[in-house]
Structures are given as C-alpha cells and as structure tokens.
Amino acid sequence: MPRPHWRKMTWVLILWSALILIWAIAGGASNNCGSEASQAAKSGCEAGTGIGVAIVLLIGFFGFVFFSLIWFMTRPRGRDCPACGEKVKKGLTACPNCGHDFAAAVARQQPATESWSSP
C-alpha cells in the first residue's frame, strides 16, 4: 500500500502536535512534590505543574495556528499532468505542454450507465 503523499507543512503540523503532546505529558508526569512536604507546599507544587502544562498547551495552540496559516497559504496552485508530469493550473481542461485532455480522461473512466425504462 503506498504511503500518503502529504505536503511538507502537513508533516510539520503532525510533528508539532506530537511534540507538544509529549512535552505536556512529560511536564505533568514530572511532578516532584515530595511526600515529606507540607500540604500547602504540595498544593503549590501541583498548582505550578498545572500552570506549566497549561502554558505548554497554550504555546502548542499558538504554534498550531501559525503553522496552519502557513499550510493554507502554501497550497498547490495546480495539478500534475498524468501524461507528462508538468504542473497544470487549476481550471484548465488540457495540459498546455503535451495537450492531455483531462475532461476526456474522466469521461473514459466513468462506467457507461444503462438507461432504465419503465414498461
């Protein structure tokens, strides 16, 4: 099975999300509030851990929005011609390089429909 052909920014978004998730989990799990500490000290330590995890998630959210905007702005402006491999602008029905007709290729791929008539 072929792997998906995703754009580079898609991989950046996936990597960013995984990094933030790992960072938040590791930050929450590294709560070193000692058992010999007083209840007030434990509460403060746990609150600090919660604030730290919230800050990491906030950084992750703003980074995700930033990378998503870049992803939207770098969308491909055309499609690849199956005959010659050149980029063809959206809206054109024929490749200007080799003359491949996209509309005719789609018509050939669609199965012929039978006409059903009622008696």
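Modeller: Two residues are in contact when heavy atoms of theirs lie within 4.5 Å. Helices are DSSP runs (H or I, at least four residues), numbered from the N terminus. The structure above is a predicted model, in which local features need pLDDT of at least 70 and side-chain atom pairs count only at pLDDT 80 or more, while totals for chains, interfaces and linings use all residues. Residues are numbered from 1 along each chain as its sequence is written, and side-chain values use heavy atoms, with hydrogens and water left out.

Colleague: How many residues does α1 have, and what span should they cover?

Modeller: The expected span of a helix is 1.5 Å times one less than its number of residues. Because α1 has 22 residues, it should span 32 Å, and the 32 Å between its end C-alpha atoms agrees with this. Helix α2, residues 39–73, has 35 residues. Its first and last C-alpha atoms are 51 Å apart, close to the 51 Å expected.

Colleague: Which residues of α1 are buried?

Modeller: Buried means under 20% relative accessible area, exposed over 50%, and partly exposed in between (1.4 Å probe, protein chains only). In α1 the buried residues are Met9, Thr10, Leu13, Trp16, Ile20 and Ala24. Seen down the axis of α1, they fall within an arc of 125 degrees, so they line one face of the helix; the arc is taken over the directions from the helix axis to the C-beta atoms. Lys8, Leu15, Ile22, Ile25 and Ala29 are exposed on the other side of α1.

Colleague: Against what do the buried residues of α1 pack?

Modeller: They pack against α2. In turn, α1 (8–29) is included in what covers the buried residues of α2, which are Thr49, Val56, Gly60, Gly63, Phe67 and Ser68.

Colleague: Which residues make up the largest nonpolar core?

Modeller: In soluble globular proteins, nonpolar side chains tend to be buried together. A nonpolar core is a set of buried Ala, Val, Leu, Ile, Met, Phe, Trp, Tyr and Cys residues joined through side-chain atoms within 4.5 Å. Here the largest has seven residues: Met9, Leu13, Trp16, Ile20, Ala24, Val56 and Phe67. Helices α1 and α2 each supply at least two residues of this core, and α1 gives the most, with five.

Colleague: How many aromatic pairs does the structure hold?

Modeller: Rings of Phe, Tyr and Trp (its six-membered ring) pair if their centres lie within 6.5 Å; planes under 30 degrees apart count as stacked, over 60 as edge-to-face and the rest as tilted. The structure holds five such pairs. Among them, tryptophan 16 and phenylalanine 67 are edge-to-face, 5.5 Å centre to centre, with 70 degrees between the planes. This pair links distant parts of the chain, 51 residues apart, with tryptophan 16 in α1 and phenylalanine 67 in α2. Both tryptophan 16 and phenylalanine 67 are buried. Ring pairs also join Trp16, Phe66 and Phe67 into a cluster.

Colleague: Which side chains meet in a salt bridge?

Modeller: A salt bridge is a side-chain nitrogen of Lys or Arg within 4 Å of a carboxyl oxygen of Asp or Glu. The count by this rule is one salt bridge, between aspartate 80 and lysine 87 (3.2 Å, N to O). Aspartate 80 counts as partly exposed because its relative accessibility is 47%. Lysine 87, at 55% relative accessibility, counts as exposed.
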